[in-house]
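Let's walk through this structure together, one step at a time. Have the picture open beside you as you read.

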Amino acid sequence: MISVALRGMARRKLRTALTAIAIVLGVALITGTYVLTDSIKGAFGGIFTQVYRGTDATVTGKSAFDLSGQNNTTAPPFAQSLLPKIRGLPDVADAVGGVGGNAHLILQGKVVHFGGAPNLGFSVDPKRPELNALTLVSGKWPGANQLVIDQATGRKKDLHIGQLIGVQANGPTLRMTISGFVHFGGAASLGGATLSGFDLPTAQRLFQRIGKLDQIRAKAKAGVTPAKLAAEIRGILPPHTQVRTGQAQAKSDAKDTESFLNFLQDFLLAFGGIALFVGSFVIANSLSITIAQRTRELATLRTLGATRRQVRRSIVWEGLAIGAIASVAGIGVGLGLGVGLFKLFDAVGFTLPNNGLVLHTRTVIVALIVGILVTVLASLRPAFRATRVPPIAAAREGSELPPGRFAKYRPIGSALLTAIGFALLIYGLFAHGLGTKGVLLSMGVGTLLIFLGVALLAARFARPLAWVLGAPATRFGGAAGSLARDNARRNPQRTASTASALMIGLALVTLVSVMAAGITKSFRGAVDDLWVSGYAITAQNNFDPIPIAAGNAAARTPGVQAIANVRGGDAEIFHGVHQATAVGPGGAQIFNMKWLDGGSSAVFRLLGPHGAFVDDNFAKKHNLTLGSRLTLTAPTGKSVDLHVLGIFKPPTGGSPFGPVTISDTAWDRIYDTPQNLYSFVRMKGGESDAAKAALVRQLKAFPNAKVQTKKEFVDNQISGLNSILNVLFVLLALSVIVSLFGIVNTLVLTVFERTRELGMLRAIGMTRRQVRRMIRTESVITALMGGVIGIALGLVLGGLLAARIDFIVFALPWVQVIIFAVAAVVVGLLAAIFPARRAGKLNVLEALQYE
Amino acid sequence: MAVRDQPQGDIGAPANGAVEARNLTRRYGEGETAVDALRGIDLDVRSGELVAVMGPSGSGKSTLMHILAGLDKPTSGTVEIAGTEITGLDDTKLTRLRREHIGFVFQFFNLLPMLDAEENVVLPLAIAGEKPDKSWVDSLLGQMGLADRRKHRPSELSGGQQQRVAIARSLVTRPTILFADEPTGNLDSKTGGEILELLRASVDAYGQTTVMVTHEARAAAIADRILFLEDGLIVKELRDASQQDVLAVMNSLTA
């Protein structure tokens, strides 16, 4: 029986190939994801090991609490006086102190940056190159007012040694001369990041760390182990510093990148999973159709003595074989995809470190298992269907499968499945105390069940839906149009399953659009509610902090009525890490806050050294009322005692303020090198070209500071969202492509099945064009069905999510909805190209004699 | 009964001929394995005539019909339908010609399962983008005894009823010529007899020119003229023959 199954596949090469494509794409995405992330991880691991190649132990500042890693907060620096003490230790051969941080290169008044990649700067010690993070490639190490720049940036911007360039970090711009070009560790490029190196005094000026260090790297004397060296250093460490071996430091440095890469990996894998899920629909459907067409063949096998079990097994074997072939092909395509992704990132200026593709055994095993498992699972239902073929069907013309024992429970079953799915989703969304994993699991399984349930239910609605969606076709498509509609309604189960594959993809893109529209709308609403009028100043990339000096310069602009500089960072409050913010008295004239308990904007002026205002959520959680006391600790370990002067309710779209806000003066006392997140400026006479020009003029020394009107500010702040949105669309497009192949497959199989019918139609006067139009229209009706159900489902799911998430309101992205509906039509048209050509080319005579 | 040894049809009357074929040959394959299905056939079918084409399997009768109907192309020779030479037409023109001038009745009915009887009948008009003449459709359905079956799907009809729908479908465009390919081949003898009566009746009532390919003597016996094919040639022609006459010729041919 197995050989019968395999030979049957060999005979139906085209059908098998079309079925397999669905799995190939899903497996390819999974493989490609692993290859990409593993390769990057490998490369980064290599880089950081290289960076600490000559270092046996490092000393770094230690934050008073574990940082969230989200609020631009870094560990505090420590006093430079530690360096001579360490140099004086008996086992230390040498030691070097360094500072580092964000440093922007400025060419012709503009910040040099590539996409959203970071702009990093470090101090280097020309006399101790083996302890430097940077490796000199050409030129010399920098002296005073000189710098080295990474070679990739140098090439891209056509820089040369001796050229003058501006650099800005935590203070105003400094002009320096390029003395050489470097690599970071061994890597020529770090994902589009710009890197610069300075001698220590210059770097300390840039980063405003005069007399301070961020890191000390020490080299042990011969025969001293790094561990022993670290232990020795630990003995003399002041508070808020820590020592690690060089190896441990490399690992710790790589950890951030690694956790980001792990996130990226899970994220991409999820989309591979979605594509495979869609693929499973395509496989189940294709196998079902094939079985319907092989009724006679299967019946003949039964008359020859094959048991139901053998028939069933032959189908499962077929699934297994398709799964295996497709998974192997998918791994191959995935490797190509990995290379393609590297190239793609490179093309958009985000050059990833690449030390060669990494294909772990784990990747191959996971890809094979997942690919084969999904295919076999998808073949189970068709396999059971096949067992219902009675032997007598061998003798009958066009006999159909008898309905299964459970056919009558199908509508109830699928409705129940959908209901359970929604119940799980809602439980995951709204139940309390589930934990992130529980929430995600409950939501994920719920959504899966909803998709399965709706796909099964869709068979019930396929006829009326095709009737409605096909109405324009019958009006404008003539006989071909109405026949197409009739054909789409002919086998509702088949049409519904084919459409369902597309439904999943479209439901997800709609869901994503609803979320994005909700975020945009609520953010816009929040800005409108909160911010009276004027200009915002942010970094060029919209999210990096900007020097306080920039805000101070803006404050001196003629015509400034009020300015509110907002600083932000991690803080420890009530034993938890929160985002804390700080603002000056100018906020009273800038912000239109919703104060609770009779508060007013006078709070901004009253903050002083110990005042704070909190948001309503934080107040509720910690039972705070006006006058309540709390303590805020900065990463430096310094803290401030506060009492609550105001409680405000932020709008749905959020506010620039964290749960706790203090005065900027109090902030600067406990935070190291404070910087602004935003500055909001109110000008006399409101917004005018002259006012903006005055601000821009005033900020000329700060090229990284960007002056924006309210509208520009909103657009800039959500521009990152649009990039994320586009990435999501591209990834979901893959599952739409899988479903496109599903439609192709169904149409091809349908054309096979209706060969004689097509012959008759051609004989009685249907032209090739009409035949093609008929197939095309059926395809579009099927695709639109998937589109309509998918979009509707996406809106429902999006509505549920918007109802749950505090900072999102529901917004209907109607432009996108129309685009998606049009996209469904396009998918239908594309899917029909090949099958329609095939149908049009049928030889009338042969078709008439086709069995 | 009139058995003529001269096998050619009435060559002298092309003016009211529905079909005129000259020197038709058809060769399948090439070289040594080539098969000559037709080896030089001249044939005229006059308007209002019912012609049966008979012959043992492999005699070329199906090939002849396919070529006459524009479904296959001859290796050489010409076919004129309603005054148009069809062997050189491209696919679209041929399709339009079939649409306007040719009707088909198939052995396996070939109805569309999702359309009801009436929709199946008017399908050729729909394809041509024409409005059906309601009274004509009604009269056809009445003639075929389908008046109370018009809303039934093929799966709800017997084989004989399905074939009657197919005949009505072939007549609905009032084609210049109707080709029937073994119209009783898939029916029991009683039902087959009814179908033959209907075909004969449509010739008598509407003057429907018809060419029927069959291997049944009983079917051939309803024809005005019977052509016997053997090895790609017309070897005999009978007029107004009885079933016995036909059987006699058949036996002589296969012997």
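Two residues count as being in contact if their C-beta atoms, placed from the backbone, lie within 7 Å. Keep in mind, too, that this is a predicted model. With that cut-off, the contact between the chains takes 19 residues from chain A and 20 residues from chain B. Which helices of chain A supply at least two residues each to the side that touches chain B? They are helix H14 (478–490), helix H23 (755–763), helix H24 (768–804) and helix H26 (844–848). Of these, H14(A) gives the most, with six residues. The side of chain A that touches chain B is made up of seven nonpolar, five polar and seven charged residues.

Now let's look inside chain A. The domain assignment divides chain A into domain 1 (1–56 + 258–405), domain 2 (57–257), domain 3 (462–532 + 711–851) and domain 4 (545–703). Follow the numbers for domain 1 and domain 3, and you will see that each is listed as two stretches of chain A.

How do domain 1 and domain 3 of chain A sit relative to each other? Taken over C-alpha atoms, their centres are 23 Å apart. In the contact between them, 23 residues of domain 1 of chain A meet 24 residues of domain 3 of chain A. On the domain 1 side, the elements giving two or more residues are helix H2 (13–51) and helix H7 (246–293) of chain A. H7(A) gives the most here, with 14 residues. Sorted by class, this side of domain 1 has 15 nonpolar, seven polar and one charged residues.

Terms used. Residues numbered from 1 in each chain as written. Chains lettered and ligands numbered in written order. Predicted model: local features only at pLDDT ≥ 70, side-chain atom pairs only at ≥ 80, totals over all residues. Domains from an automatic or database assignment. Helix = DSSP H or I, 4+ residues; strand = E, 2+ residues; numbered from the N terminus. Nonpolar A, V, L, I, M, F, W, Y, C, P; charged D, E, K, R; others polar.
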